[in-house]
Amino acid sequence: MVVASPNPIGSEKLIAVEVPIIDLAARGPKVAELIVKASQEYGFFKVINHGVPEDVIRKMEEESFNFFGKPASEKKKAGPAQPFGYGCKNIGFNGDMGEVEYLLFNTNPHCISQRSETISNDPTKFSSAVSGYIQAVTDLACEVLDLMAEGLWVQNTSVFSSLITHLDSDSVFRLNHYPPPLKDRDTSPSSSFQIHHQGNNIGFGEHSDPQILTILRSNDVGGLQICLGDGVWVPVPPDPTSFCVNVGDLLQAMTNGRFVSVRHRALTNSDKPRMSMAFFGAPPLHALITSPPEVVTPERPSLYRPFTWAEYKEITYSLRLGDSRLNLFKACPDKEAQE
């Protein structure tokens, strides 16, 4: 069993950078340009005036905190996560660990309804909150993806979004809860966590998201950090009025390396619990991942060979959390310098 180091590695450096903030109410080609610029430089940005109703967010947050506030014995009834359901500390199937507990859902409404029976005393209310939230952030993800395609001058602007709205989309929704150190929590043997050191610990280790796009929201507690490369990390200030957008591995491949799949991690807070709600937009398993012709040129030929999401997902599950995956799907090894 490998546990992520609670302290930054000696070669790491934290710097303060203002991450891009995109106002979706501005409309027009300028918004698409700003999104493309942020996706190329950071693989990450925030969106405001996003159109997700406040009551949809509030209901989802309330239901989430209600669940994570339950005794450990009650929460375990919703697990173990295989992969869906309740999980605690274990991240994936290959030994990665973090100071996190979570709920993972398939985005199919029927699956959510069934799963809610083991999660809530009022499963109908819980299921309604989850399904309503997923629909709202799916709409947001589609708007962003269409703007990305527009900014790349792709003629079919739904080329990316159509993959996550497909009936067989493999999108997932995850609720992450990062409790503060044990000093502020239950110390009984039945407690979900047994942490014996203080300070900000690794809640979810360094990784990139394998899907197309991630729409993330957290409460007003900090902890998210993005990596700019070479051990340089940027803390992302919490902002409950915005959503964070992460470029995933598949989008890097589909934009022929124009966009960067951002590596990121989450730290626990020493005083307050942090909770994040993440929608991972993914295509159907059988979907073939290729670049639209507009982003492939003689000067920049295809960086990646065509592959299916099923192939990529299988590789993802076989590797550790922080392992690089896209390099395994390069069209030619000598094209690495072009990324």
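**Figure 1. Surface and overall make-up of the chain.** The chain exposes about 15,400 Å². Carbon and sulfur atoms supply 53% of that area. The model is predicted. Its chain has 339 residues, and 52% of them count as buried. The secondary structure consists of 8 helices and 16 strands. Take the contacts in the chain with a separation of 6 or more: 75% of them are between residues 24 or more positions apart.

Figure 2. The structure holds 1 cavity of 30 Å³ or more. The volume of the largest cavity is about 90 Å³. Its lining takes in 15 residues. Nearest the centre lie Ser218, Pro237, Pro238, Asp239 and Cys244. Strand 9, residues 213-218, gives the largest share of this lining, with 3 residues. By class, the lining of the largest cavity splits into 7 nonpolar, 4 polar and 4 charged residues.

**Figure 3. The second largest pocket.** This pocket has a volume of about 530 Å³. It is lined by 23 residues. Gln252, Val260, Ser261, Val262 and Arg263 are the closest to its centre. Two elements, strand 10 (224-229) and helix 7 (249-254), each supply at least two residues of the lining. The largest share comes from strand 10, with 3 residues. By class, the lining of this pocket has 8 nonpolar, 7 polar and 8 charged residues.

**Figure 4. Arg263 and Glu206.** Arg263 is one of the residues closest to the centre of the second largest pocket. Its salt-bridge partner is Glu206. The closest N and O atoms of the pair are 2.8 Å apart. This pair links distant parts of the chain, 57 residues apart. Arg263 sits in the loop between helix 7 and strand 13, while Glu206 belongs to strand 8 (residues 202-207). Arg263 counts as partly exposed because its relative accessibility is 23%. Glu206 also counts as partly exposed, at 32% relative accessibility.

**Figure 5. Arg265 and Glu12.** The side chains of Arg265 and Glu12 meet in a salt bridge, at 3.1 Å from N to O. Arg265 lies in strand 13 (residues 264-267) and Glu12 in the loop between strand 1 (2-3) and strand 2 (13-14), so the pair ties together parts that are 253 residues apart in sequence. Is Arg265 buried or exposed? Its relative accessibility is 7%, so Arg265 counts as buried. The cut-off for buried is under 20% relative accessible area.

**Figure 6. Lys77 and Glu74.** A further salt bridge joins the side chains of Lys77 and Glu74. The N to O distance is 3.1 Å. Lys77 counts as exposed because its relative accessibility is 53%, and the cut-off for exposed is over 50%. Glu74 is partly exposed, with a relative accessible area of 32%. In the chain as a whole, the count comes to 11 salt bridges. Among them are the pair of Lys77 and Glu74, the pair of Arg265 and Glu12 and the pair of Arg263 and Glu206.

Notes
Residues are numbered from 1 along each chain as its sequence is written. This is a predicted model: local features need pLDDT of at least 70, side-chain atom pairs count only at pLDDT 80 or more; totals for chains, interfaces and linings use all residues. Side-chain values use heavy atoms; hydrogens and water are left out. On a 1 Å grid over the protein atoms alone, a cavity is a set of points where a 1.4 Å probe fits but cannot get out, and a pocket is an open set with protein on both sides within 12 Å along at least five of seven lines; lining residues have an atom within 4 Å of a point. Grid points are joined across faces, edges and corners, and a volume is the space filled by probe spheres set on the points. Helices (H or I, at least four residues) and strands (E, at least two) are DSSP runs, numbered from the N terminus. Ala, Val, Leu, Ile, Met, Phe, Trp, Tyr, Cys and Pro count as nonpolar, Asp, Glu, Lys and Arg as charged, and the others, Gly among them, as polar. Buried means under 20% relative accessible area, exposed over 50%, partly exposed in between (1.4 Å probe, protein chains only). Contact means heavy atoms within 4.5 Å. Accessible areas come from the Shrake-Rupley method with a 1.4 Å probe; for residues, only the protein chains shown count as cover. A salt bridge is a side-chain nitrogen of Lys or Arg within 4 Å of a carboxyl oxygen of Asp or Glu.
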